Amino acid sequence: MFANFRLSLTWLHTWFGLTLGFVLMVAFFFGSLSVFDREIDRWSLPDTRIEPQPMPSFDSILASRFAMITEPDTDQRDEAAKRVTAPLPGKLTARSWNAYTTHRDPVLLMYVGFEVPNSPLPEDTVYGDITIDPRDGRVLPEDRLALGSGFFYPMHYSLHITWHDLGYWIVGFAAMMMLVALVSGVVMHRKFFREFFTFRPGKRLLRSTLDLHNLTGVVALPFHFLWALSGLIIFAAIYFPVFETSLQPLVDQHEHEEAMHTGLDAKPSGVPGRLASVDAMMKVAKDHWASRGVPGEVGFLSVTHVGNSNAYVSIYRDSTDRVATAEGLHFEGSTGRVIFEDPPAGPIETVNAFLTGMHLQQFKHWTLRWLIFAGGLLSCACIATGFIFFVEKRKHVHAKQGRVGATCVDALAVTTVTGIVVATMFMLVMNRVLPEELARRGVWEKGAFWVAWLATLLHAAWRAPAVLQGRLSKAWAEQCRVIVLLGVAAVALNALTTGDHLGRTLGAGYWPVAGVDLLLLAAAGTAAIAARRLRQRAGDPRTELASIEEAERA
């Protein structure tokens, strides 16, 4: 079919990159924002703009708050009701209590796992959660959406498509094909190392776009590969659920042997029991970590088999000083006695924990966090320039032939590149505009995002006929100008509605809010420059003539 192997890989790289690039753009853009998801949460939830807090007292605060969580999330319960073999009882039994915080969290997430009886899935669990102020245990409003951790973060791996986990599968398939595209991209570029040093912005759009595509692909190649691979590893249990199917008997045997070895029972005893002081257990854990030369605060706390005599408490140190997740100490719930300490991980577990920890970024290393953020933006730039190169190379030929391929790709590219930024900034603006007392406020914020994104698609389609004539779509420049307006508006509205203007936050050194404001202004400035360059290019007929000649040579 092709003259040589390199041409076949070029075809593979082009069409896999094009068809799945739209999904990857969403994954990498919102993955980049998720690097600072907790900081975006502080911007979007002014009531939580306090300093990060340690794990509060379990005995005086957390225990009573856990008792308040008596029902799972309504959506999760409804989904569980569809997969069970008998009607769910009116009240589900609490299986576990969990509390989680990081060095960037001023609030504490608490969630309770409820057993789903009569389910075909082993250990089927649904969850209910609350968020509290750890200083006094005050429960924060449930209808407030944490934009960073509650919307942007899950968007990058699930697309918010929850039906049969379809979003996970779409992103996972795109990540797998990205690995294929990376390998094919390396093979098809015969002058691979020269791409490190080749960028000619003074050349015509087609040439400079290809240079930038190659440069961003080569410079961030390790990042592209590791993040696609680690994302697949994190969700491997969804893509290959062998432990819940063919290997289930082996899993059951392993659980039994592990319970015998560790003393951590896999099943509840069914006999009522009471918890000893968990505060005392946390003190023992912190003293133990200090004695080993790794002092730290409690990052994750879990009570398993709640209300049973064989309940046990698991306490994990926060992971601020390491990439991989820290090992845990496990206590007998009724006495507070240490019954097991997680042993050092083996080679396979260490690699898995490192890749997972690097992807999730719970460590305290701001330089590395910014490098990861930059790597995500380079991935976005690589994908975006791939779209532009595809359209610029083909639009004149398609215009002569009356084909709409380049036109459709251009409209989708505008929606995915500038449109996604417009929708995100519009969501931030609406977060500051909507009344605080508005019922289901988070639903309105989500709706604002989807409506804005749909509007950018309709706008791109409206401007698409220009591509049919071999010209540049005005949608690119117009949406860049909208980004400028929204970015400045978001910063101004934050100052007006909260009083936390840049002068105040920079002076106080409160970087979660100041950083988001500065990034919004930087994005607005970049968009302003891009809009100006695009307007100049659209107004110069010699540019289009040169583009035609260059496309015919390509």
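These legends describe close-up views of a predicted model.

Local features need pLDDT of at least 70 and side-chain atom pairs count only at pLDDT 80 or more, while totals for chains, interfaces and linings use all residues. Residues are numbered from 1 along each chain as its sequence is written, and side-chain values use heavy atoms, with hydrogens and water left out.

**View 1. An open sheet of 8 strands.** The strand order is β4-β3-β2-β1-β5-β6-β7-β8, with antiparallel pairing. Strands (E, at least two residues) and helices (H or I, at least four) are DSSP runs, numbered from the N terminus. Two strands count as paired if DSSP finds at least two bridges between them. β4 (138–139) and β8 stand at the edges; each has a single partner strand, so one side of each lacks a neighbour in the sheet.

**View 2. The β1–β5 pair.** Strand β1 (residues 94–100) runs antiparallel to strand β5 (residues 298–304), and 5 bridges link them. Trp-97 stands opposite Val-303 in β5.

**View 3. The β7–β8 hairpin.** Strands β7 (residues 328–332) and β8 (residues 338–341) are antiparallel and joined by 3 bridges. His-330 faces Phe-340 of β8 across the pair. The hairpin has 5 residues between its strands. In the turn, Gly-336 has a positive phi of about 80°.

View 4. Leu-147 belongs to helix α5 (residues 147–158). Its relative accessible area is 0%, so Leu-147 is buried; buried means under 20%, exposed over 50%, and partly exposed in between (1.4 Å probe, protein chains only). Neighbours within four places in sequence aside, Leu-147 has contacts that include Ile-40, Asp-41, Met-427 and Leu-428. Contact means heavy atoms within 4.5 Å. Thr-424 is 277 residues away along the chain, yet the C-alpha atoms of Leu-147 and Thr-424 are separated by 9.7 Å.

**View 5. Gly-21 in helix α1.** Helix α1 (residues 5–34) holds Gly-21. Gly-21 is buried, at 1% relative accessibility. Not counting residues up to four places away in sequence, Gly-21 touches Phe-16, Ile-383 and Phe-387.

**View 6. A nonpolar surface patch.** Val-488, Leu-506, Trp-511, Leu-518 and Leu-521 make a patch of about 440 Å². Patch residues have over 30% relative accessible area and no salt bridge, and nonpolar side chains (Val, Leu, Ile, Met, Phe, Trp, Tyr) are joined within 5 Å. A salt bridge is a side-chain nitrogen of Lys or Arg within 4 Å of a carboxyl oxygen of Asp or Glu. Areas come from the Shrake-Rupley method with a 1.4 Å probe. Helix α19 (residues 511–538) gives the most, with 3 residues. Leu-521 lies in helix α19 and is partly exposed, at 33% relative accessibility.

Conventions:
Patch = residues over 30% accessible without salt bridge, like charges linked within 9 Å, V, L, I, M, F, W, Y side chains within 5 Å.
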